[in-house]
Amino acid sequence: MSKIKVSKIKVIKIWRASSLSFQLSSLVVFAVFLCGLVNPLISYDPVLDVDLSRRDLAPSLSFVMGTDGQGRSVGLRLLKGVEAFFFPGLIAGFFAALIGGGLGAICGYLGGWVGRSIAAILELIDTLPRMVFLVLICTIYPPSILLIAMISCLLFIPSIATVVRRKVESLGAEDYILAHVAHGFHPLKIISYHILWLQCRALLTRQLIFVFSYVLFIETALSYLGDYGVQEPYPSWGNMVAQSRISVAAWPWAIPAVAIIVTIAALLAFGDGIARRDEEVKR
Amino acid sequence: MNEPLLKAQGLVKRFRTPSGGETIAIDYVDIDLYKGEVIALIGESGSGKTTLGRALLRLLALDAGEITFDGVDLLSLRGSQLREARRSFQMVFQNQQANLHPRLSVIEMLNESLRLHQPLLDEESRIQKATDLLDRVGLTDHHQRYLASLSGGEQRRVGLARILATTPKLVVADEPTSGLDAAIKLQTIDLLKELRGDSLTYLLISHDLGLVRRIADRVLVMLRGRIIEEVPIEGLGKVKHHPYTQKLLDAANLGSSRGQAAEVMSTTTASIEDVQGRGPGCHYCELCPLLTNDESLSIHCTSHRPPLENKVACFPLSVQRGNTL
């Protein structure tokens, strides 16, 4: 009981001490997460929703965000469109951070020519232009959001590994890490707990959120470029913009476009804020 | 005396310099540490004291030599055996910030140490034990503090509390009082003495002759990677010392006049530059006051390495004592 109380007070304290941008962005991120989590509970049939008699309706009480060129509710599609990137993005971010962090730690710990050669290979992969590579993959294989997420995950592993490797290398030269060795801690414990968990978790969280926002971004871009993303009639924010860009009304493309911009900006600001909070010197 | 607790022979450690050369940080050093003894290792900065201390605890890889600790060949230990052995030798780091992980509070860190070294305790008794340890080092109200909000002396005491969480037989204390004010210094010395009990062996690495006089039993003097003199504490300043030791003692005693002190200081610091890249002979012969007149002796001193004969590695001294070269 007392523990819960303490954490409540802590949350309020942190909230008050935060900058306005962090507060706003965390609200947006919270809303997106809520949408993502309740999404599986909402049943939506994109075909049944078509009703040509109510095309291009302006936002009103019955359709809060209006309807698109096929009479579908923009609001409902926007909500359902979160599903397209939410879980794939989370999974991609999680595995990119996990594998990237692990590889980076291994390279940094091994050092020598083994570590250097793994690091070199990773850096080589990191030079691939991500967008071009994704378009290429999507033209070869039938495009799906899961494929996009998987490839994004793979493409981000090297850069995450490089950042973590540098961090592990620089921390390895610190006296307090040597002191942990001298004290008799297991090297695995030092790497995984004292270095990765205590010193790199902020960095890894930021990278996870970055990959998550990248999946949203790339899905949008690929949808717009040529139907590589989520396929009609299923909604994603990207194909909503792409489908209605020739529409007479503004809201069918403007609303998802604004949602994309706001969400990505909020995710990046949120990631930064979290990382900065965690990197502060503890007193 | 009985078997030494730690016996090291022929230790060599070379470092690569950025320019591609090599420096010898430890140059064929033999050292014996007996149980319950406090051995002080003194010498100027860069003489290899810290490197030697770390090498003895297997914190860096040696190029040659062997170390026996408590009857066990230390250099052959691997993995879990080595970690097991680390319980019985601990180090106080010169950098006091090394005593605490910057993201762990004092109590969390002690809890970690106890979890590692006394795995049979449950969480509650660990916290209790950690509290006791903090009381012992005088940090009763500092449980939730982090590294950044502790003073240098407090950081050191956290380090001592952490060492107390293990059951060490040997503690290498690297400059345990540097950067502390006089009062805290005294507290730390008392704490070190108290921890010593009757069975703990200390290797005390220090510039601080005051501290050395206070707690050491035996003094080793190091110059450019070699141990050049070994003297029991009663003899310090009374017997005929190696000229370099004499210079160190003079520098510490400064006392008399400022001018003299400055002169002593300038020659001691100059010696660091001058002896670099020297040949096999005595590392001090170019500055040695005993060598001013005797031509043949000076040739001998520059070309031969003086053995630690009668506890002093100096040819002119042994000649004065009546030994022949």
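The reply below begins with the interface and then turns to each chain.

Modeller: This is a predicted model, in which local features need pLDDT of at least 70 and side-chain atom pairs count only at pLDDT 80 or more, while totals for chains, interfaces and linings use all residues. Residues are numbered from 1 along each chain as its sequence is written, chains are lettered from A and ligands numbered from 1 in the order in which they are written, and side-chain values use heavy atoms, with hydrogens and water left out.

At the interface, 24 residues of chain A are in contact with 24 residues of chain B, contact meaning heavy atoms within 4.5 Å. The two chains bury about 2400 Å² between them, 57% of it on carbon and sulfur atoms; buried area is the accessible area (1.4 Å probe) that two parts lose on being put together, summed over both.

Side chains of opposite charge can pair when their charged atoms come close. Two salt bridges are found across the interface of chain A and chain B, a salt bridge being a side-chain nitrogen of Lys or Arg within 4 Å of a carboxyl oxygen of Asp or Glu. Asp175(A) forms a salt bridge with Arg54(B), with the closest N and O atoms 3.6 Å apart.

On the side of chain A that touches chain B, the elements giving two or more residues are α7 (175–183), α8 (187–226) and α10 (251–279) of chain A. Helices (H or I, at least four residues) and strands (E, at least two) are DSSP runs, numbered from the N terminus. The largest share of this side, eight residues, comes from α7(A). The residues of this side divide into 10 nonpolar, six polar and eight charged, where Ala, Val, Leu, Ile, Met, Phe, Trp, Tyr, Cys and Pro count as nonpolar, Asp, Glu, Lys and Arg as charged, and the others, Gly among them, as polar.

Chain A itself has 10 helices and zero strands, and its C-alpha trace spans about 75 × 55 × 30 Å along its principal axes. Within chain A, Glu83(A) forms a salt bridge with Lys80(A), the closest N and O atoms being 3.9 Å apart. These two residues are separated by about one helical turn, because they lie three residues apart in helix α3 (residues 74–110) of chain A.

In chain B, an open sheet of four strands has the order β2-β1-β4-β5, with antiparallel pairing; two strands pair if DSSP finds at least two bridges between them. Strands β2 (22–33) and β5 (72–73) of chain B stand at the edges with a single partner strand each, so one side of each has no neighbour in the sheet. Five bridges link β1 (residues 6–16) and β4 (residues 64–69) of chain B in the antiparallel sense, and Leu6(B) has Phe69(B) as its bridge partner in β4(B). Helix α1 (residues 49–56) of chain B lies across β1, β2 and β4 of chain B, at about 60 degrees to β2(B). Axes are lines fitted to C-alpha atoms, for helices over the stretch in contact, and angles run from 0 to 180 degrees between N-to-C directions.
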